[in-house]
Structures are given as structure tokens and as C-alpha cells.
Amino acid sequence: MSKKKIVFIFGPTASGKTDLACRALKGIAEIISVDSMQVYRGLDLGTAKPDREQLEMVPHHLVNIVAPDYRFSAGDFRRLAIKAIDEISSRGKYPVLVGGTGLYFRALEKKLIEAPPADLNFRERLYEEEEKNPGYIYKKLLEVDPEAAKKLNPKDHIRLVRALEIYHLTGKRFSEVTVDEWNTPSGSDYWILKIGVSLPREELYERIEKRCYRMVSRGLPYEVYELFSRGYDEKYPSMKGLGYSHYIQYFKGCIGYGEVIELFVRDSKRYAKRQMTWFRKERDVRWVGPDDHELVRDMIVRFFESND
């Protein structure tokens, strides 16, 4: 089977990649969101989901697909993205993946061999015990796999639970499973054009600060409070996102109101820096600015129409 062509458009938060993609792709493509937060329903203002105008310009996939209590993984993304790519291609449109979650891009590109599937009931039982007895998950892993437990942060419940889940499903200790056994890059099923959106750091940080204040003025605190009042707090990955985790800490009385926006802006800038460090390591990237939509459209059309 011949490889399919796909496009990656990535960049740090607030770099303007969604707007760039929508303007460049109108009428020729469909977008697959590569964002670990936009998958969640009800998380709208703080995740910068595409607005109505953008959705009308270009159809989007993998937005608003799971509830806030679902623990969405890179494996989930890979499975759903592959399905979306096939569907988009069958309609004669270009599949273009747009976002800032580097791990998800890598999960699709590197053809990761997936570990055992999630056991959601098992996970929920662990989290229920943790609520009743703080520290339970870490102590449980210490019992069955002390070597793995010593290498993990006792508060990193996602990785602790995954280690316990693998032992539960396979009988193998996580410390005994090599990365090569389950997560080895083994090539790609796709020909990929990589387009990176980049800005001078000072300009990017200014955009981040303005966007954080805009999210707050449009009602982010009320959105977080509504989710928090329904029982969604930081034990769920969805609530660990920028802005959401900060306002939850405020609602719990851990920080003052004046600190929320300051920490929100600071951590957003730090996250953007980590994203750029990740993306700068990618090879064969064609870097563009957020206003280069005509250039991007031309590159994408040439890529898909060429016989290479």
C-alpha cells in the first residue's frame, strides 16, 4: 500500500497557527486538531477552540469529542487521527493536522507500537481509592513494582496509574518493559510536509499576554467555575490545562485572585518556550510567519499535487 500525504502545521500557543491554517486551507482541506485540550467538551475559552467563522471556513476534526473526565491519550489521538485522515482523503480533500501538542504529532508520525489498551474501570477504581486515601496509588505501585515507583513522581498519578494498569493487564512490571518493546519508532505510514509557525520571542510573549487577558475578559473564570462545581478538578487531565488549573487553585482558596492572571500568563509563556524547544528539534521543517497564508497554501497544493 502506497503512503498517503499529510501536512503538519505546528507552533507554540498564541502563534496564530489556527488562523493561518484556516485562511490557507479554505476550500481545499480539512483540519485535524492536534491539541490535547481541545478534545474536551465544555473547555472552550481556555483552549482557544476555533470560532464559528473558522469552522465555516474549514471543517475541523477531533474537537469536542470527549467529556472532561475522560483521560484522553496519545494512543486515542493516533487511532482517531488515522480514521479522520482516511475519511478526509476519501472526500478528495487534503488532510492537514494543526496544533501544538508535540507528542501527538510524534505518535502519528513515528508509527508507535501501542501498549495494551486502557482499562477505564481499573483506572477509576484507583482514582476512587486515591480520593479516600491520599497516597494510595503510589503505595500500590511500590508494592508491585518498587523500581518503577522510585523513578516516578509520587504525585504524577497519570504515569503511576499507567504502570499499575500495565501490570494489571499483562502481569509485567513496568520497570521490566523496555521502551523498545512497546514504543519504538518503526517508520511512518505517511509522506509528511512539516510547516512550523514561528515568531520573535518578544512578539510571541506579547501575544500570549494579550490572549490570556482576553480569555479572562470573555468569561474563562466562569467557565472554570461551572466545571469545578460539577466535580471536575485537577485530578482530571482536562483540568490541568493552562488557565483551568490556575482558577481551580483560586476556587480552592490556594491562591489569591490577583495571582491567578499573573501565574496564568507566566505559565503560558513557559509552556510556549517548551513547545518551541520541542518543535525546533524536528527535521525538514519549513518555517513561516502567522501571516504567510498564501505561501502556505501554495506549498500545500504543490506538495499534494506533485508526483514525488
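How are α12 and α13 oriented to each other, roughly parallel or roughly antiparallel?

**Figure 1. Helix α12 meets helix α13 in this predicted model.** Welcome to the first close-up. The two axes come within 9 Å and cross at roughly 160°. With angles over 145 degrees counted as roughly antiparallel, α12 and α13 are therefore roughly antiparallel to each other. The crossing of α12 past α13 is right-handed. On the α12 side, the contact is made by His246, Tyr247 and Tyr250, while α13 brings Tyr257, Val260, Leu263, Phe264 and Asp267. Sorted by class, the residues of this contact are 6 nonpolar, 1 polar and 1 charged.

**Figure 2. Helix α3 crosses helix α4.** Here we turn to residues 74-90, which form α3, and residues 102-109, which form α4; their axes come within 9 Å and cross at roughly 60°. That angle makes α3 oblique to α4. Once again you can look for a right-handed crossing, this time of α3 past α4. From α3, the contact takes in Ala74, Phe77, Arg78, Ala81, Ile82 and Ile85, and from α4 it takes in Leu103, Tyr104, Ala107 and Leu108. This set holds 9 nonpolar residues, no polar ones and 1 charged residue.

**Figure 3. The largest nonpolar core has 48 residues.** In soluble globular proteins, nonpolar side chains tend to be buried together. Within this core, Ile32, Phe77, Leu97 and Leu108 touch the most other members. Two or more residues come from each of β1 (4-10), β2 (29-34), α3, α4, α10 (201-217), α11 (220-229), α12 (244-251) and α13 (257-280). Another core, of 24 residues, lies apart from the largest one and includes Cys22, Ile28, Val96 and Ile300.

**Figure 4. Ile137 sits in helix α6.** The helix spans residues 136-144. Ile137 counts as buried because its relative accessibility is 0%. What does Ile137 touch, not counting residues up to four places away in sequence? The list is Leu126, Tyr127, Glu130, His157, Leu160, Val161 and Leu164.

**Figure 5. Val66 lies in the loop between β3 (60-61) and α3.** At 11% relative accessibility, Val66 counts as buried. Leaving out neighbours within four places in sequence, the contacts of Val66 are Val39, Tyr40, Arg41 and Phe72. The C-alpha atoms of Val66 and Tyr40 are separated by 5.1 Å, although these residues are 26 apart along the chain.

**Figure 6. Ala14 and Ala48 have positive phi values.** Phi of Ala14 is near 70°, and that of Ala48 is about 55°. Where do they lie along the chain? Ala14 is in the loop between β1 and α1 (17-25), whereas Ala48 belongs to the loop between β2 and α2 (52-57). Ala14 counts as buried because its relative accessibility is 10%. Ala48, with a relative accessible area of 25%, is partly exposed.

Definitions and conventions
Residues are numbered from 1 along each chain as its sequence is written. This is a predicted model: local features need pLDDT of at least 70, side-chain atom pairs count only at pLDDT 80 or more; totals for chains, interfaces and linings use all residues. Side-chain values use heavy atoms; hydrogens and water are left out. Axes are lines fitted to C-alpha atoms, for helices over the stretch in contact, and angles run from 0 to 180 degrees between N-to-C directions. Helices (H or I, at least four residues) and strands (E, at least two) are DSSP runs, numbered from the N terminus. Angles under 35 degrees count as roughly parallel, over 145 as roughly antiparallel, 65 to 115 as roughly perpendicular and the rest as oblique. A crossing is left-handed if the near helix is turned anticlockwise from the far one by less than a right angle, and right-handed if clockwise. Contact means heavy atoms within 4.5 Å. Ala, Val, Leu, Ile, Met, Phe, Trp, Tyr, Cys and Pro count as nonpolar, Asp, Glu, Lys and Arg as charged, and the others, Gly among them, as polar. A nonpolar core is a set of buried Ala, Val, Leu, Ile, Met, Phe, Trp, Tyr and Cys residues joined through side-chain atoms within 4.5 Å. Buried means under 20% relative accessible area, exposed over 50%, partly exposed in between (1.4 Å probe, protein chains only).
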